[in-house]
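Hello,

Please find the structure below, with the sequence. Notes on what turned up in it follow.

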Amino acid sequence: MSGFSADWLSLREPYDLRARSTKVLAAVAEALAALPALTIVDLACGAGSTLRAVAPHLPAQQIWKLVDNDPGLLVRAANASHPRARVTTTTIDLVRDLEAALDGPLDLVTTSALLDLVSDSWLERLATEVAARRLPFYAALSYDGRITFEPSDPLDAAIIGAVSNHQRRDKGFGPALGPDAAKRTIAMFEAVGYFVVNAAADWVLKPHDRDMLVALVDGWASAAREVGQQSLPEIATWLTHRRDALPHEKSSIRVGHIDVFAAPIARR
Ligand SMILES: C[S@@+](CC[C@H](N)C(=O)[O-])C[C@H]1O[C@@H](n2cnc3c(N)ncnc32)[C@H](O)[C@@H]1O
């Protein structure tokens with residue numbers, strides 16, 4: 001069990017799908033368009049949402065190697081399907097055995113909503129291993145620290161500051177990059193001579209996205225409580241105001257993410 005519930009992954013999947021940058025996805029598709037058959041590894045695949053989002057954009061016959069350390073999520077991922085995709089699943093702890101996940105012939109390394117959980121040194125290990133194999137790398141939906149509320153509340157900045165600090169806590173990979181993940185990914189791949197495309201992939205949530213909004217504001221209040229920078233009455237006041245604001249017609253919440261595609265220059 002990883003702590004990422006299947007319910008949460010299924011709740012966020014349509015928002016991830018909508019947010020994914022079409023510009024970055026088009027760059028991925030273009031880079032792979034000439035290959036008649038593709039083998040793709042999805043690191044930390046969860047319940048298989050990346051396959052569902054990406055497979056329709058890749059023309060060739062596809063073999064998807066789905067990797068996660070949560071066997072329960074992998075059972076769900078095994079059912080991810082697309083007419084052009086053949087799916088295999090493997091339980092791998094990416095902290096211990098990242099290199100095993102990259103074994104064998106591959107044409108693309110992809111991941112979604114993972115890099116903000118990892119440490120700088122683990123990301124460097126990943127970038128080194130991917131670059132050593134001259135493979136293209138597509139990382140979607142890394143949280144970048146931008147959370148904005150309409151209407152705003154005086155306590156928003158303090159709560160979001162606490163959320164960013166919570167994001168930097170160790171998630172099993174060492175101190176997490178949190179909001180710096182995409183920036184560091186871009187810098188590392190540029191440093192190894194890759195061509196990098198990146199773009200925003202933000203969730204934009206309106207009152208009709210109620211279940212997602214409630215899950216987010218409740219989650220942020222819990223994170224702020226765990227970090228302990230604000231008093232409990234302050235957090236409770238913020239949560240009450242936020243919950244009250246959710247149904248209002250003009251209310252919205254934007255959560256910033258960045259998508260990145262990095263390819264060896266020779267593959268362009
Ligand atoms: C936020 S979820 C993203 C899942 C999926 N990529 C998606 O976009 O829906 C993070 C995923 O990382 C996986 N994970 C966390 N630590 C891991 C580790 N050490 N090795 C492999 N997977 C891990 C979790 O099980 C979870 O599926």
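**Aromatic pairs and the ligand site**

Phe137, Phe189 and Tyr194 are joined into a cluster by ring pairs. This is a predicted model, so local features need pLDDT of at least 70 and side-chain atom pairs count only at pLDDT 80 or more, while totals for chains, interfaces and linings use all residues. Residues are numbered from 1 along each chain as its sequence is written, and side-chain values use heavy atoms, with hydrogens and water left out.

Searching the whole structure gives six aromatic pairs (rings of Phe, Tyr and Trp, the last by its six-membered ring, with centres within 6.5 Å; stacked if the planes are under 30 degrees apart, edge-to-face if over 60, tilted for the rest). One of them is Phe137 with Phe189, a stacked pair at 5.0 Å centre to centre and 15° between the planes. Phe137 belongs to strand E5 (residues 137-150) and Phe189 to helix H8 (residues 181-191), so this pair ties together parts 52 residues apart in sequence. Helices (H or I, at least four residues) and strands (E, at least two) are DSSP runs numbered from the N terminus. Phe137 is buried at a relative accessible area of 0%, and Phe189 is buried at 1%; buried means under 20%, exposed over 50%, and partly exposed in between, with a 1.4 Å probe and protein chains only.

Phe149 and Trp220 make an edge-to-face pair, 5.9 Å centre to centre with 85° between the planes. Phe149 is in strand E5 and Trp220 in helix H9 (residues 210-227), so the parts tied together here are 71 residues apart in sequence. Phe149 is buried, with a relative accessible area of 8%, and Trp220 also counts as buried, at 8%.

Now the ligand. Which residues are closest to the ligand? Of the 19 residues that surround it, the closest are Ala44, Asp68, Asp93, Leu94 and Ser112 (a residue counts if one of its heavy atoms lies within 4 Å). A nitrogen atom of the ligand lies 2.7 Å from a backbone N or O atom of Ala44. For Leu94, a backbone N or O atom is 2.9 Å from a nitrogen atom of the ligand. A polar backbone atom of Ser112 is 2.9 Å from a nitrogen atom of the ligand. These are N or O pairs within the 3.5 Å limit for a polar contact.

On its own the ligand exposes 590 Å², of which the protein buries 96% (Shrake-Rupley areas, 1.4 Å probe).

Regards

Conventions:
A polar contact is a pair of N or O atoms within 3.5 Å; within protein, one must be able to donate a hydrogen and the other to accept it, and residues adjacent in sequence count only if both atoms are side-chain atoms.
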